[in-house]
Amino acid sequence: MRERTIIVNSLSKSHAMTGWRLGWTLGPVSASGHLENLAQCMLFGSPTFIQDAAAVTLDEAVTQRCVSFRTPFSR
């Protein structure tokens, strides 16, 4: 299954960064060239301040704070 799976994820909703359009993919090496071509057709790069904010928000403490923001809306 792993060789046929591509994971696409972002920080938009999970870390309250809606509209910043920063994400990533995980998948087999054989798909990486295709994913790179797709990304080049869709975007040209994220501004540095968004990349810096993403690095901070992936910190465990910040992630826990984001989880606490979502908890009241979970059912």
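Predicted model: local features only at pLDDT ≥ 70, side-chain atom pairs only at ≥ 80, totals over all residues.

Start by selecting helix H2, residues 48-57, where Ile50, Ala54 and Thr57 are buried. Look down the axis of H2: these buried residues fall within an arc of 70°, so they line one face of the helix. Now turn to the other side of H2, where you will find Thr48, Phe49, Ala55 and Val56 exposed.

Colour the protein by pLDDT: the average is 80, and 92% of the residues score at least 70. Confidence is lowest in H3, with a mean of 75, and highest in E1, at 87.

Next, pick His15, in the loop between strand E1 (7-10) and strand E2 (23-26). Is His15 buried or exposed? Its relative accessibility is 12%, and because the cut-off for buried is under 20%, His15 counts as buried. Show its contacts beyond the neighbours within four places in sequence, and you will see Thr57, Thr63 and Cys66.

For the last stop, select Gly23 in strand E2. Gly23 is partly exposed, with a relative accessible area of 45%. Setting aside neighbours within four places in sequence, Gly23 touches Asn9 and Ser10. Finally, draw a distance from the C-alpha atom of Gly23 to that of Val56: the two are 33 residues apart along the chain and separated by 14 Å.

How values were computed
Residues numbered from 1 in each chain as written. Heavy atoms only, no water. Buried < 20%, exposed > 50% of the residue type's maximum accessible area, 1.4 Å probe, protein only. Helix = DSSP H or I, 4+ residues; strand = E, 2+ residues; numbered from the N terminus. Arc of directions from axis to C-beta. Contact = heavy atoms within 4.5 Å. pLDDT = per-residue confidence, 0-100.
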